[in-house]
Amino acid sequence: MLRRAVGVVCFLLPTTSGFAGGFRHDNHDESQLRRRVHSLKSNSDDTSASKRIANSQASLGLLLDFGQDVDDADIVKLASLLKDFSYCHSSIKRIFNVPTTSAYPFGPTYLKPLSPGDAFELPMGEDIDPKLASLQCFTALFLLSSCLEIKTFVEAVHCGHETLRLLLRLNLVFVDGGCIVPLVHLFALDIPSGDNLVIVTDLHPNVLRRTSLSETEGAVMYIGPDSISLVHHFEAGIKKFKANGGWPQSGGCNVLDLCTGSGIQALATMAMLRDINSSSVVADVNDRALRFARFNAKLNGFGNRLRTCQVNLLDESDRKRLQAEKYDIVLANPSQCSPFIPTPPSRSDRPALLVRKGGDDSGKGCYSSGSGQNRSQMQTYGLFSSGGVDGEDCLRSVIELAPHLLNDGGILAIVSEFMNPSSEDEQNQNCALQKICQWWGSNSGVGMYFSNELPVSAKIYAERRAISNDLEEAALWLTHLKDMNIKEVSPGLLFIIAQKGGENDNKNLLLSHRIVPKSDRGSIWTPHNKNAIEFTSDKLNELFV
């Protein structure tokens, strides 16, 4: 019987500053859920994990050690346990009485982690089913980042003591003062193909804001709207490509996931290609990310089909090393690594990426690890947040590399923010369309890139990237954007099919820009924006003929 379990704070929507761009999102189903969640009874005790992690001497070592010296048999036990009590998105929604056909049909379930001082009670009956109790405890720990009393956990969860020992061996939790404290998130994804995945990531920055990792390893990004948008929008393209014989059924499909983070893109793609003998190489500059990706591959049954490669996309020798193999699909979500934020030089903190030499007077190409009073501010724009002064360092590198990585007919799929996404004159060399074509170089290909009908102005973007209510900081960002000639920014998706062609063929990229119509369901990145997915699916059917 579970008498004291921690409940939900609120549904985490892409209006929060934690999500890139912070684009507005309204949805009736989510509003309905929000009302249910806010009706839960508050508790006076602080059960948030944030303060306990920050104050514990042991927690940092455990965080840094994640994925090291892990027994594969324990990962298999965890996978079996999660499957036993249906740790999946549809089941998690049922905890909150949300119809499985309503908001966020595939996941993940966006629940805002508890902040310091928060505590909420999730009422449970006297005769609750043990599997449901286990699901509720895991949801509280690994989605809400809430602590649970050991006594509560072992009484509620099936084989409670054994399960706790398993979580401790895997460094998913630690014990502090009689409480179980989570060290990671477990995001449940119900992939459209019918597969259920569970992706382990570091805790949300709001939880780790008082805790710093090492100088050479950054926290592995949680599953944000950008991550899941590529999964959902690319799924339609994969179906069409498979139907048209894009890959030989016997020959398999070789996938490369750049800036892999947790490995979500590669794992979701392999899940969609279950009927094809697919394999993946996942690459990241952050060794911690590669440990998470290996863990997640084993957790989801892809351990023997995924290889890892530590690569810095801004390093020429690493770029050459990547070209040793050819791939049928190249995926990239730059926000998982050195992403798409056009960061002022004084706000750049990228110790693991300090490889580019030289630079002009504007500071382009030069990076500083920072020091002094700005360092705490710059941590927001660190290993997986800063894309260089123009926000395009990583994006540029991926697109330049792609023609040399892809087999004939292979697909490049990218989710990123695009600077100056549209222009009345798309021959303007500063607009996204022209830049992408320039980066692709003299290589044949055909593609589409998608952006929002209403991009965000430089002024609004600067205000969102600056420290909250800091007018001086916002002015610094706006000045920087103007210096970079960035007038607008939009979340977007890019898909290109490589076409090798003959020697006498005209070698260039035929790229079209598709503007996703404004919708009351939100941005192109808004999780499960059906209007946007239907629009891109329709257009991708034309591309993947």
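Buried means under 20% relative accessible area, exposed over 50%, and partly exposed in between, with a 1.4 Å probe and protein chains only. The structure is a predicted model in which local features need pLDDT of at least 70 and side-chain atom pairs count only at pLDDT 80 or more, while totals for chains, interfaces and linings use all residues. Residues are numbered from 1 along each chain as its sequence is written, and side-chain values use heavy atoms, with hydrogens and water left out.

**Figure 1. Overview of the protein.** Of the 545 residues, 58% are buried. Among contacts (heavy atoms within 4.5 Å) between residues at least 6 apart in sequence, 79% join residues at least 24 apart. The accessible surface, from the Shrake-Rupley method with a 1.4 Å probe, comes to about 21300 Å², and 46% of that surface belongs to carbon and sulfur atoms.

**Figure 2. Helix α17, residues 471-483.** The expected span of a helix is 1.5 Å times one less than its number of residues. For the 13 residues of α17 this gives 18 Å, which agrees with the 18 Å between the end C-alpha atoms. Which residues of α17 are buried? They are E473, A474, W477, L478, H480 and L481. These residues cover an arc of only 160° around the axis, so they lie on the same side of α17; the arc is that of the directions from the helix axis to the C-beta atoms. An α-helix has 3.6 residues a turn, so residues three or four places apart point the same way. On the other side of α17, L471, E472, K482 and D483 are exposed.

**Figure 3. The ends of α17 and residue L476.** At the start of α17, a side-chain oxygen of D470 reaches to within 3.1 Å of the backbone nitrogen of E472. Just after α17, N485 takes a positive phi of about 60°. L476 is found in α17 and counts as partly exposed because its relative accessibility is 28%. The C-alpha atoms of L476 and A466 are separated by 8.4 Å, with the two residues 10 apart along the chain.

**Figure 4. The open sheet β1-β3-β2.** In this order, 3 strands form an open sheet with antiparallel pairing. β1 (148-149) and β2 (173-176) stand at the edges with a single partner strand each, so one side of each has no neighbour in the sheet. Two strands pair if DSSP finds at least two bridges between them. β1 is joined to β3 (residues 179-182) by 2 bridges, and the bridge partner of L148 in β3 is I180. From β3, C179 and V181 point one way and I180 and P182 the other way, and all are buried.

Figure 5. The antiparallel pairing of β2 and β3 runs over 4 bridges, and V175 stands opposite I180 in β3. The two strands form a hairpin with 2 residues between them, and G177 in the turn has a positive phi of about 60°. Where is S56 found? S56 is in the loop between α2 (49-55) and α3 (57-64). S56 counts as buried because its relative accessibility is 15%. The C-alpha atoms of S56 and V175 are separated by 9.9 Å, although the residues are 119 apart along the chain.

Notes. A polar contact is a pair of N or O atoms within 3.5 Å; within protein, one must be able to donate a hydrogen and the other to accept it, and residues adjacent in sequence count only if both atoms are side-chain atoms.
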